[in-house]
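Here are my notes for someone meeting this structure for the first time. Have a look at the picture, then work through the points below.

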Amino acid sequence: MPITFRKSFRIFPGVRLNINRLSWSITLGAGRGPRHTISSTGRRTTSLDLPGPLGWRSTRTRRNRTR
């Protein structure tokens, strides 16, 4: 069984620092409304919790390409 590591710290209200074994990320936004995540690997994600009985989430992910 692999050993995993993940830790999340609340820096300010609405700002969270997430650390795992391979990278770190910062999440901006809390509660309802959009949430933006920027990762050290170059991934940028925007999430939005939509109201309704299903409570599903719409997510868009971009990856910065460096050449």
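This is a predicted model: local features need pLDDT of at least 70, side-chain atom pairs count only at pLDDT 80 or more; totals for chains, interfaces and linings use all residues.

1. Now for the whole chain. Of its 67 residues, 15% count as buried. The accessible surface comes to about 6,000 Å², and carbon and sulfur atoms hold 56% of that.

2. A word on contacts across the sequence. Take the contacts in the protein with a separation of 6 or more: residues 24 or more positions apart account for 0% of them.

3. Ser25 and Thr27 make up the covered face, while Trp24, Ile26 and Leu28 are on the uncovered one.

4. Is Ser25 buried or exposed? Ser25 counts as buried because its relative accessible area is 12%, and the cut-off for buried is under 20%. Leaving out neighbours within four places in sequence, Ser25 touches Arg16, Leu17 and Asn18, and also Thr37, Ile38 and Ser39.

5. What does E3 pair with on the E2 side? Strand E2 (residues 15-20) runs antiparallel to E3, and five bridges join the two. Ile19 is the residue standing opposite Trp24 of E3. E2 and E3 form a hairpin, with three residues between them.

6. Then there's the E4 side. E3 and strand E4 (residues 34-39) are also antiparallel, joined by four bridges. Here Ser25 stands opposite Ser39 in E4. The hairpin of E3 and E4 has five residues between the strands, and Gly29 in this hairpin takes a positive phi near 110°.

7. Where is Pro51 found? Look in the loop between strand E5 (43-49) and strand E6 (57-63). Pro51 has a relative accessible area of 69%, so it counts as exposed, the cut-off for that being over 50%.

8. One last distance to check in the viewer. Pro51 and Arg32 are 19 residues apart along the chain, and their C-alpha atoms are separated by 9.1 Å.

Note on methods: Residues are numbered from 1 along each chain as its sequence is written. Side-chain values use heavy atoms; hydrogens and water are left out. Buried means under 20% relative accessible area, exposed over 50%, partly exposed in between (1.4 Å probe, protein chains only). Contact means heavy atoms within 4.5 Å. Accessible areas come from the Shrake-Rupley method with a 1.4 Å probe; for residues, only the protein chains shown count as cover. Two strands pair if DSSP finds at least two bridges between them.
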